[in-house]
Amino acid sequence: MDQEQKRPLSKKSNKSSKSATSTRSNDKRSKSSQSQGSSSNSSDKDVVNSTPTNESKTKNDELKVQDGDDKSTADSSQSNESNPVEDGVNDENEEKQESSEEEAEEEIQCSFEHVGCTHVGKKSELLKHNRTQALLHMDLLAAVLIHTRNILEPIQTFSQENGSLFDNLEATMSKGIGSQLLWKIEGIKDKLLAATKGDLSHSTQYSKPFYTSPHGYKLIAETHLYGYGEEQGKSLPFFLFICKGEWDSLLPWPFKAQITVVLMDQKEDEDSRKNIVTIINPEDPSMPKEAFKKPTKDKNSRFGNNKIAPLVTLNAEKHTFTKDDAIVFQVLVGQETIPAL
């Protein structure tokens with residue numbers, strides 16, 4: 001009995017296990033079908049969503065193309081616009097080109113005209129002319145040089161043969177006309193002897209008139225061999241006078257040139273000479289102002305130095321300022337204030 005009761009129980013358990021197994025398999029199938037359904041739905045959604053994305057890409061590409069076309073159109077229109085600076089440069093270049101063309105067409109004289117070439121032609125042809133006529137130009141130059149030599153040779157010969165003449169002329173100018181005066185006073189011994197005895201008639205000496213420059217002021221020099229005024233019998237003076245001259249109307253006044261007076265040492269050894277030098281400055285306050293004005297008479301009042309050297313310097317036995325019974329003064333007039341007329 002007990003076995004018989006157990007068997008029905010085992011059959012029931014088998015049936016329940018089979019139904020549970022079938023139930024689980026059905027659940028798996030429903031889940032599988034649901035998952036397949038959801039995957040199909042998602043794939044559909046992806047297809048739907050992908051369609052507008054491709055369309056937007058197409059539209060963006062079209063916009064980019066259109067923008068490129070607009071930019072190229074703008075660039076081309078901007079490049080077509082005129083630039084004032086470039087237009088000005090182009091106009092200037094065109095003018096220069098036209099000017100050069102006109103110059104090339106202009107007829108000009110050959111550059112060897114000064115030696116005798118008579119060619120006249122266009123500037124563009126001048127280079128060819130100079131190249132083809134080089135021998136002609138050389139011949140013309142040679143002819144000019146020969147002609148110049150023929151002129152200069154006689155002048156050179158004359159200068160060589162008459163050099164002493166020019167030297168004498170220069171010496172004459174330095175003595176009489178110019179900024180330098182050499183004044184030689186002779187008979188010193190007799191004049192001094194007469195002055196010591198009271199005869200002063202030969203003591204006062206005047207130079208010949210001289211000019212400070214060829215067209216300058218006219219001057220005369222004066223000295224007193226036995227002294228002058230308070231320095232009589234003591235010192236040797238030297239004075240100057242401004243005289244009416246030929247060029248006074250062209251010269252500046254008052255006279256302002258500095259004057260150098262030299263009592264010359266006549267020692268034979270030139271290196272051992274000791275000249276006595278005196279400077280006379282018209283702008284020195286001690287100088288008389290009226291002496292430097294433009295002369296209204298033959299000569300103005302004197303100016304100078306009352307004692308340039310002691311009288312003993314004229315003693316030929318002790319000093320060499322007197323030689324062959326003569327003394328020499330040199331007068332130099334500065335040219336800074338004298339115009340070159």
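Is Phe238 buried or exposed? Select Phe238 and look: Phe238 is buried, with a relative accessible area of 1%. Keep in mind that this is a predicted model.

**Stop 1: the partner of Phe238**

Now trace the chain. Phe238 belongs to strand 7, while Phe329 belongs to strand 11 (residues 326-333), 91 residues apart.

**Stop 2**

The whole structure holds 9 aromatic pairs. One of them joins Tyr206 and Phe241. This pair is tilted, with 6.4 Å from centre to centre and 40 degrees between the planes. Tyr206 sits in strand 4 (residues 204-206) and Phe241 in strand 7 (residues 235-243), 35 residues apart.

Next, select Tyr217, Trp253, Phe255, Phe292 and Phe303. Ring pairs link these residues into a cluster.

**Stop 3: charges over rings**

Go back to Phe241 and show Lys299. The charged end of Lys299 sits over the Phe241 ring, 4.2 Å from its centre. Then show Phe239 with Arg302. Arg302 lies over the face of Phe239, 5.5 Å from the ring centre.

**Stop 4: the largest pocket**

Finish by selecting Ile188, Lys189, Leu192, Leu314, Asn315, Ala316, Glu317, Thr322 and Asp325, which line the largest pocket. This pocket holds about 210 Å³ of space. Colour its lining by type: 4 residues are nonpolar, 2 polar and 3 charged.

Key: Residues numbered from 1 in each chain as written. Predicted model: local features only at pLDDT ≥ 70, side-chain atom pairs only at ≥ 80, totals over all residues. Heavy atoms only, no water. 1 Å grid on protein atoms, 1.4 Å probe; cavity = no way out; pocket = protein on both sides within 12 Å on 5 of 7 lines; lining within 4 Å. Points joined across faces, edges and corners; volume = space filled by probe spheres on them. Nonpolar A, V, L, I, M, F, W, Y, C, P; charged D, E, K, R; others polar. Phe/Tyr/Trp six-rings, centres within 6.5 Å; stacked < 30°, edge-to-face > 60°. Helix = DSSP H or I, 4+ residues; strand = E, 2+ residues; numbered from the N terminus. Buried < 20%, exposed > 50% of the residue type's maximum accessible area, 1.4 Å probe, protein only. Lys NZ or Arg CZ within 6 Å of the ring centre and 35° of its normal.
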